[in-house]
Amino acid sequence: MKIGVLTSGGDAPGMNAAIRAVVRTAIYYGMEAYGIQDGYKGLVEGKIYKLGRNDVGQMLNRGGTILGSSRLKEFAQKEVREIAVKHLNNHGIDALVVIGGDGTYRGAMALNEMGIKCIALPGTIDNDISSTEYTIGFFTALDTAIDAIDKLRDTSFSHQRCTVVEVMGRDCGDLSIFAGVACGAEIVITKETGFEKQRVLERVKNAKAMGKRHIIIVVAENIVDVNVLAKEIEAFTLYETRATVLGHIQRGGTPSAFDRVLASKMGSFAVDLLGKGLSGKAVFSKGIEIDYCDIQEALNKKRPITDLYRYLEKLN
Ligand code: F6P
């Protein structure tokens, strides 16, 4: 069997550990492993290279993805996918392990229907894949956000300021909610918690009246312009306020122990599934266990909202 591996969508710490696990497990079983550069874009461009076990050495601790990644909207078109299938056929590659988010899963499902056996692994900092409890990269990005917010807390305290900090997550508030709990943020604003501006302004004003020296507000991206919100808070509460957007810093860095282990298990498990003749499956985590379901099921599932946000009010 010849197995290809690619990473697609936003990169996430731990992707390299997953690539390594796919390649090493394939070789362990006597299969051949191929790396596809730059996600589906590279696949369409025929950027396919054979990988040996040493090609994936020295990378467990590296952030990003050594294979490169991309977002290719055109992959939704059948004619574009046909080019990808042709390249895979030319190399005799009959199976693919893809690591990424929802868009990556959709691409894998479509390829699977075109005869390429696909297994999808959840790799994104957003933790927004409904089928899995945790995605590869989420906890590392969370640590990065926590580290940054702790630093903002230092200066916020010194200057008696209100700090508004924007955290990534696309449409999922998990990074913000987990970071809010871990950093003791006074207010967390996400799609799940809801956003009523007047209520936020009142809460900050009350906090100041109660003598709070400083205040941290964590805001998930795509909810409100944090620079505008900071100005509005300052005008309403007379609390000196600063806004910080953490941005892409959250995507990089050395993967945490949890992400390395999760990615290694999932990568190896994906090859096991292919070896058993299974395809069109998505690997997921539940507690410390991993398992699989149909990619279709993973895409259709409604995302359960983390119950952690219910704790926020009680903790402040
Ligand atoms: O999906 C990961 C993510 O970092 C999201 O949190 C964010 O909304 C998006 O990617 C940013 O995408 P890009 O790197 O293409 O700007």
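What volume does the largest pocket have?

1. The model is predicted, and the values below should be read accordingly. In it, the largest pocket has a volume of about 930 Å³. A total of 38 residues line this pocket, and those closest to its centre are Arg71, Asp102, Gly103, Arg106 and Arg170.

2. As to the composition of this lining, 16 of its residues are charged, 12 are polar and 10 are nonpolar. Helix α4, which spans residues 102–113, supplies the largest share of the lining, namely six residues.

3. The domain assignment divides the protein into domain 1 (2–137 + 255–300) and domain 2 (139–251). Each of these domains contributes at least three residues to the lining of the largest pocket.

4. How far apart do the C-alpha centres of the two domains lie? The separation between the centres of domain 1 and domain 2 is 34 Å. At the interface, 15 residues of domain 1 are in contact with 13 residues of domain 2.

5. The size of an interface is often expressed as the accessible area lost when the parts come together. For domain 1 and domain 2, about 1200 Å² is buried between them, and carbon and sulfur atoms account for 52% of this area. On the domain 1 side, the residues that lose the most area to domain 2 are Ile125, Asp126 and Tyr134; together they make up 41% of what that side buries.

6. How many salt bridges does the rule find across the interface of domain 1 and domain 2? Two are found there. A salt bridge also joins the side chains of Asp11 and Arg251, with an N to O distance of 2.7 Å.

7. The largest cavity holds about 50 Å³ of space. Its lining includes the run Val167, Met168, Gly169, Arg170, Asp171, Cys172 and Gly173, together with Lys191, Glu192, Ala220, Glu221 and Ile223.

8. The lining of the largest cavity comprises five nonpolar, five charged and two polar residues. Arg170 deserves a separate remark: this residue lines the largest cavity and is also among the residues closest to the centre of the largest pocket.

Terms used:
Residues numbered from 1 in each chain as written. Predicted model: local features only at pLDDT ≥ 70, side-chain atom pairs only at ≥ 80, totals over all residues. Heavy atoms only, no water. 1 Å grid on protein atoms, 1.4 Å probe; cavity = no way out; pocket = protein on both sides within 12 Å on 5 of 7 lines; lining within 4 Å. Points joined across faces, edges and corners; volume = space filled by probe spheres on them. Helix = DSSP H or I, 4+ residues; strand = E, 2+ residues; numbered from the N terminus. Nonpolar A, V, L, I, M, F, W, Y, C, P; charged D, E, K, R; others polar. Domains from an automatic or database assignment. Contact = heavy atoms within 4.5 Å. Buried area = accessible area lost by both parts, 1.4 Å probe. Salt bridge = Lys/Arg side-chain N within 4 Å of Asp/Glu carboxyl O.
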